[in-house]
Amino acid sequence: MWPATCDRLFFLDLSFSTGAQTVPPDPSPSPSCPPPPVVPPTNVADGMVNFDPDPADLALSSVPGQEAFDPRRHHFTEEELKPQPMIKKARKMLVPNDQKDDRYWNRRFKNNEAAKRSRDARRLKENQISVRAAFLEQENATLRQEVADMRKELGRCRNIISKYENRHGD
């Protein structure tokens with residue numbers, strides 16, 4: 001069982017949000033009870049992941065004149081991430097030269113502008129998704145490392161507890 005002289009307990013918070021520990025205040029440290037291990041607080045949810053995307057990628061992912069795209073804060077909806085269906089293009093209808101009047105050229109100009117806007121919007125969305133995916137991969141690797149470190153620390157704590165229980169009995 002636990003010794004009567006060690007009245008301080010500490011709890012390791014294994015949640016992903018903070019990773020910090022909760023220690024009740026103890027004004028007088030006891031010589032028979034070692035101080036709890038210090039776990040530096042990490043908060044991956046606040047963007048503590050070391051992620052420095054290429055400025056060119058960020059420029060390609062941002063709309064000119066608006067706030068720069070931040071992959072740490074931007075979340076795509078399910079609808080935005082759904083694959084778009086492949087639409088079969090209609091066959092080109094050749095217009096004879098004698099029917100190419102001002103109305104025809106105005107419509108061609110508007111269509112070309114609309115196609116350019118559509119391609120640019122698609123390219124922008126693809127760039128944003130790729131930068132966000134790179135950030136999430138980095139965050140995932142960081143979280144996996146944090147989980148591995150916590151499991152290692154948990155194993156050490158269990159080992160210490162089992163040695164203590166073997167030494168002092170139940």
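The side chains of Arg 73 and Glu 67 meet in a salt bridge, with 2.9 Å from N to O; the term denotes a side-chain nitrogen of Lys or Arg within 4 Å of a carboxyl oxygen of Asp or Glu. This is a predicted model, in which local features need pLDDT of at least 70 and side-chain atom pairs count only at pLDDT 80 or more, while totals for chains, interfaces and linings use all residues. Residues are numbered from 1 along each chain as its sequence is written, and side-chain values use heavy atoms, with hydrogens and water left out.

Both partners of this contact are classed by relative accessible area, where buried means under 20%, exposed over 50%, and partly exposed in between (1.4 Å probe, protein chains only). Arg 73 is exposed at 55%, and Glu 67 is likewise exposed at 60%. Arg 73 also forms a salt bridge with the side chain of Asp 70, again at 2.9 Å from N to O.

A further salt bridge links the side chains of Asp 120 and Arg 123 at 3.1 Å, N to O. Asp 120 and Arg 123 both belong to helix H3, which spans residues 102-168, and they stand 3 residues apart, about one turn of the helix. Helices here are DSSP runs (H or I, at least four residues), numbered from the N terminus. Asp 120 is partly exposed, with a relative accessible area of 34%, and Arg 123 is partly exposed at 40%. Elsewhere, salt bridges that share partners join Glu 67, Asp 70, Arg 72 and Arg 73 into one network.

In total, the structure holds 9 salt bridges.

How values were computed
Helix = DSSP H or I, 4+ residues; strand = E, 2+ residues; numbered from the N terminus.
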